[in-house]
Amino acid sequence: MGGLPPYGGLYGISVLPCVLGALISVILIRSGFLALFFLIPLGFVAAVYNGRTAWATALAALGINALISFGFSFAGGLIPGEFVLDVFYFALMTAVFVWIIAPPLAGPDFLRMRTAYRLVAAAVAAALLFLGVIYASARSNSGFMAFLRAQAEMLSSLYIAQAGTDAVQQSFLERQLTPERIMEAMGFVALRGGALASCMVIFYISRQLACSLAVLIRHIRPKPGIRDFHTPAPLIWVLSFSLLGVLLARVLKSSILEIAAWNMLIICAMMYLAQGGGIIQYHITRRNLSSFMRLLFNVLIILLILSPGINALALGALILLGVAENWAPLRTPKPNGPPSTPAV
């Protein structure tokens, strides 16, 4: 955007969107269920305004969140260790997410790598932090660990309640689905790509919803988008060797090799998932749809991803569709149309 930024400007920063985006982000992360969407305001500011405003919004949100965390800590609601983890988690998540959408225009080349690589690097950093938080919480028996145990107890009670009046099945579930076993399963899955996949999904959903809101509210279409995403051709070999690594780890009974292979496999699968989603969106967006219909389409895809049961089949189909594009041109442009946008 040329000239002075709208809504008041300071060093190229749109002040009002910066303040509102920061406040909404902090409110969302402390709202309970809606905490999943706390990155969307930052993404909206990054998509609609400029990089300086996006980074200023992230810094403002970090400051507000730190003040609130300090207030809880001072009042006895948080212990010092949890205060540090809370502030550091929020800072890392906001920083890497803004980096995904609005990389710096100057600096080392690796900071301006392809969007797909930034997404993977950000997800790896967030997953490592999440696993570190779990490890630290387990050792200190902090409130976060109590929260995880409460979630495990809730899941255990829900599954046992599904047994109804069948005493045999209910007794079996009570023995097998204890909170301790559920927590062990959660840790097993988290180490083998679950944490990484969760972070990638959160970043992807936040980016897509933020870009959709930018189109709907301000009629600004960020480029390039998911419809133009192509995975690097050699990634198919990485996927193949990751599958081989998982099988080899099971034979050798090597947990370290298994964890590494599963996480690499998840990275490849998520990138092919994005490519499969790009193929679907490419054919949808070629139709003359309104901004509202495009937003509705993105929301439906996100609901499909989050819906238990059908999501496994749908996600598997999208991954296979992305893999298939290695051999079949599934996004062939019109013969006389304009050249396609470069890959993300």
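This is a predicted model: local features need pLDDT of at least 70, side-chain atom pairs count only at pLDDT 80 or more; totals for chains, interfaces and linings use all residues.

Me: How many helices and strands does the protein have, and in what pattern do they follow along the sequence?

Reply: The secondary structure consists of 12 helices and two strands. Along the sequence the pattern is β-β-α-α-α-α-α-α-α-α-α-α-α-α. Of the 344 residues in the protein, 39% are buried. As for contacts between residues at least 6 apart in sequence, 70% of them join residues at least 24 apart.

Me: Is threonine 57 buried or exposed, and which residues does it touch?

Reply: The test for a buried residue is a relative accessible area under 20%. Threonine 57, in helix H3 (residues 51-74), counts as buried because its relative accessibility is 0%. Leaving aside residues up to four places away in sequence, threonine 57 touches Pro17, Cys18, Gly21, Ala22, Leu42 and Val45.

Me: How many aromatic pairs does a search of the whole structure find?

Reply: The search finds two aromatic pairs. In one of them, phenylalanine 38 and phenylalanine 90 have ring centres 5.6 Å apart and planes at 35°, so the pair is tilted. This pair links distant parts of the chain, 52 residues apart: phenylalanine 38 is in the loop between helix H1 (15-29) and helix H2 (40-48), and phenylalanine 90 is in helix H4 (residues 80-101). Phenylalanine 38 is buried, at a relative accessible area of 4%, and phenylalanine 90 is buried, at 0%.

Me: How are the rings of phenylalanine 97 and phenylalanine 203 arranged, stacked or tilted?

Reply: The angle between the planes decides the matter, with planes under 30 degrees apart counting as stacked. For phenylalanine 97 and phenylalanine 203 the planes are at 20° and the ring centres 6.2 Å apart, so the pair is stacked. Phenylalanine 97 in helix H4 and phenylalanine 203 in helix H8 (residues 179-218) are 106 residues apart, and the pair links distant parts of the chain. Phenylalanine 97 is buried, with a relative accessible area of 0%, and phenylalanine 203 is buried, with one of 1%.

Me: Which residue forms a salt bridge with arginine 192?

Reply: Side chains of opposite charge can pair when their charged atoms come close. The structure holds one salt bridge. In this bridge arginine 192 pairs with glutamate 258, and the closest N and O atoms are 3.6 Å apart. Because arginine 192 lies in helix H8 and glutamate 258 in helix H10, the pair ties together parts that are 66 residues apart in sequence. Arginine 192 is buried, at a relative accessible area of 13%, and glutamate 258 is buried, at 10%.

Me: How far apart are cysteine 211 and alanine 46 in sequence and in space?

Reply: Sequence separation and spatial distance should be read as two separate quantities. Cysteine 211 and alanine 46 are 165 residues apart in sequence, and their C-alpha atoms are 9.1 Å apart in space. Cysteine 211 lies in helix H8 and is buried, with a relative accessible area of 12%.

Me: Which residues make a nonpolar surface patch?

Reply: Phe292, Met293, Leu296, Val299, Leu300 and Leu303 make a nonpolar surface patch of about 520 Å². Phenylalanine 292 is placed in helix H11 (residues 291-306) and counts as exposed because its relative accessibility is 51%. The protein as a whole exposes about 19,000 Å², of which carbon and sulfur atoms supply 72%.

Technical notes
Residues are numbered from 1 along each chain as its sequence is written. Side-chain values use heavy atoms; hydrogens and water are left out. Helices (H or I, at least four residues) and strands (E, at least two) are DSSP runs, numbered from the N terminus. Buried means under 20% relative accessible area, exposed over 50%, partly exposed in between (1.4 Å probe, protein chains only). Contact means heavy atoms within 4.5 Å. Accessible areas come from the Shrake-Rupley method with a 1.4 Å probe; for residues, only the protein chains shown count as cover. Patches are made of residues with over 30% relative accessible area and no salt bridge: like charges are joined within 9 Å, nonpolar side chains (Val, Leu, Ile, Met, Phe, Trp, Tyr) within 5 Å. A salt bridge is a side-chain nitrogen of Lys or Arg within 4 Å of a carboxyl oxygen of Asp or Glu. Rings of Phe, Tyr and Trp (its six-membered ring) pair if their centres lie within 6.5 Å; planes under 30 degrees apart count as stacked, over 60 as edge-to-face and the rest as tilted.
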